[in-house]
Amino acid sequence: MAKKVYTDYFFDEPAYNTHDGGYIPLVTPKVDPQPLAIPTLLKPDRQTDTDDYYTVTAQESETQFLPGKKTKTWGYNAGFLGQTIVFRNGKQTHIDLENKLPELTTFHWHGLNVPGPITDGGCHAPVYPGETNHIDFKVHQPAATTWLHAHPCPSTATQVWKGLATMVIIKDDVEDQLPLPRNYGVDDIPLVLQDREFHDDNQFDYRADYDPDGVQGHTALVNGTVNPYFDVTTQRVRLRILDGSNRREWRLHFNDDLEFAQVASDGGILPTPVYMTKVMMTCAERDEIVVDFGQYQPGDEVTLMTDDTPLCRFRIKSFVPDDTQLPEHLVDIPDETPTPDLPVRTITMDGMDDEVALDGKKFDMSRIDARQKVGDVAIWEIRNTNSTENGMVHPFHVHGTQFRVLARNDGPVYPNEHGLKDTVGVNPGETVRIKVKFELTGVYMYHCHIIEHEDGGMMAQIESYDPQHPQTYHLMDMDTLRNAFAKEQGIKPEDVWMPGM
């Protein structure tokens, strides 16, 4: 049976961000090509057969993006972005969260099933300047590409823009047995896609660039590299792609329409490979693809593009022929039956610009908007109330779980949405049905992952509860955060700039 190859981006074209009034097109800087930066792996402080110990440090630095002055940046154990962190399913993990920044931050484990709200690292878990917090959790989920980013409401967007984001890879015994490239930095390559605007002396100026519908820049960065190339030394290459942008969508394809196979999404390996020549990613999504460069000769070059802009050039070197084929079936994903008699939870993603909201309400840090019992399998329906004529795709993200996408407007999901997800793009006027189960107790946020939208109030909170062990949460409030930022900045609380709030 001939395999199906998809050649479109799936999402509704009128909703592409290219139609936004504030859209900023990418422009390739006139700089020499640079080797793609491959983040180093974060070394554990200590390891045993059952436990891993890490220190993750948020720090200030400077980074050479463009000729001339270095750019002031933030990163995790690095100048910009961070060192890649690798966890193993089943291991107890212990992390010191160290803040060497001049202001408070949080460490959010996007995509990890960990207790909330403190371990999860949303806005209720600040780490103040010069302080170190400690968290412990057991990794209990399949192999996946997840990530770590700052999440201090409402300054998440500002801190991510400065560089606080890095990839987190989970390994497990099932993925170990699949015929996938996994030699990190050689044939297993992280690609963190972002865009930035450079101002005088090559500096970021988030406030000057601010747009409540999402900040964008003219320059694409891949792992913090401008105009990168990668030398291909193996026939098959696995790309772990993260849309780490504040706002930008990425419509990816190769310049010669080279076919590739998507093998994983946010929450891990897909049940079957999905073959395509194009894929669109919304903010915070992860796609893992396997590319076979067997048709090329040493000296050839093939370029990964977004729309008409080159992102990364793959320069073909000599490699050993590899006839490895992906199996038709990759993994089994449990399809749990919804808990009987549970009502469907309906959520609306409303508005654009400063008027964004969830269910018609702005986010309140001290308000719990919904409750769901641990272990219950619930159906949520997410509706984007934007106009189909001039609305935008809202990427919907839930903390502390991986969900299944069941339907789009009562029809089929996209071909690459049959795996586990924590973020799903919802087209204007569309209702997406998902199946959600929380395995751990806590208070978790759910929100649009256009980061300026979440900072602007398009966010809510759900408590995952155990009726046999009720808990009381002392949630952070906005006045406490505002006063902390004011103290750090040496200004009055009413003068703290909190965009979108």
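This is a predicted model: local features need pLDDT of at least 70, side-chain atom pairs count only at pLDDT 80 or more; totals for chains, interfaces and linings use all residues.

Trainee: Okay, how many helices and strands does the protein have?
Mentor: The count is 5 helices and 34 strands. The radius of gyration is 22 Å, close to the 23 Å that the globule rule gives for 501 residues, so the protein is as compact as a globular protein of that length.

Trainee: And what box do the C-alpha atoms fill?
Mentor: Roughly 60 × 60 × 55 Å, taken along the principal axes.

Trainee: What share of the residues counts as buried?
Mentor: Of the 501 residues, 59% do. As for the accessible surface, that comes to about 19,400 Å², and 47% of it belongs to carbon and sulfur atoms.

Trainee: Charges next. How far apart are the mean positions of the positive and negative ones?
Mentor: They are 2 Å apart, with 44 positive and 78 negative charges in the protein.

Trainee: On to the sheets. In what order do the 6 strands of the open sheet come?
Mentor: The order is S2-S15-S23-S22-S17-S20, and the pairing is mixed. Strand S2 (34–35) and strand S20 (279–281) stand at the edges, each with a single partner strand, so one side of each has no neighbour in the sheet.

Trainee: How does S17 run relative to S20, parallel or antiparallel?
Mentor: Antiparallel, with 3 bridges joining strand S17 (residues 250–254) to S20. In that pair, arginine 251 has methionine 280 in S20 as its bridge partner.

Trainee: Remind me what holds strands together in a sheet?
Mentor: Backbone hydrogen bonds, in either a parallel or an antiparallel arrangement.

Trainee: Now S34. Is that strand largely enclosed or left open by the rest of the structure?
Mentor: Largely enclosed, because 6 of the 7 residues of strand S34 (residues 459–465) are buried.

Trainee: Which way do S26 and S33 run against S34?
Mentor: S26 runs parallel to S34, with 4 bridges between them. Strand S33 (residues 442–448) runs antiparallel to S34, and that pair has 6 bridges.

Trainee: Switching to backbone geometry: where are cis peptide bonds found?
Mentor: One joins glycine 116 and proline 117, with omega about 5°. Proline 117 lies in the loop between strand S9 (108–110) and strand S10 (132–138). Another joins cysteine 153 and proline 154, where omega is about -5°. Proline 154 is in the loop between strand S11 (144–149) and helix H1 (156–162).

Trainee: And which residues have a positive phi without being glycine?
Mentor: Aspartate 353 is one of them, with phi of about 60°, and aspartate 359 is another, with phi near 55°. Aspartate 353 sits in the loop between strand S24 (345–350) and strand S25 (357–358), while aspartate 359 is in the loop between S25 and strand S26 (370–373).

Trainee: How accessible are those two?
Mentor: Aspartate 353 is at 37% relative accessibility, so it counts as partly exposed. Aspartate 359, at 35%, also counts as partly exposed.

Trainee: Back to that S9 to S10 loop. Is glycine 111 buried or exposed?
Mentor: Buried, at 6% relative accessibility. Glycine 111 lies in the loop between S9 and S10. Leaving aside neighbours within four places in sequence, glycine 111 is in contact with Gln141, Thr146, Arg286, Gln402 and Asp422.

Trainee: Last one, glutamate 328: buried or exposed?
Mentor: Exposed, with a relative accessible area of 73%. Glutamate 328 lies in the loop between strand S23 (309–316) and S24.

Trainee: What does glutamate 328 touch?
Mentor: Not counting residues up to four places away in sequence, glutamate 328 touches Pro271, Thr272 and Pro273. The C-alpha atoms of glutamate 328 and phenylalanine 363 are separated by 44 Å, and those residues are 35 apart along the chain.

Terms used:
Residues are numbered from 1 along each chain as its sequence is written. Side-chain values use heavy atoms; hydrogens and water are left out. Two strands pair if DSSP finds at least two bridges between them. Helices (H or I, at least four residues) and strands (E, at least two) are DSSP runs, numbered from the N terminus. The radius of gyration is taken over C-alpha atoms; the globule rule is 2.2 Å times the number of residues to the power 0.38. Buried means under 20% relative accessible area, exposed over 50%, partly exposed in between (1.4 Å probe, protein chains only). Accessible areas come from the Shrake-Rupley method with a 1.4 Å probe; for residues, only the protein chains shown count as cover. Lys and Arg count as positive and Asp and Glu as negative; His and the chain ends are not counted. The place of a charge is taken as NZ of Lys, CZ of Arg, CG of Asp or CD of Glu. Contact means heavy atoms within 4.5 Å.
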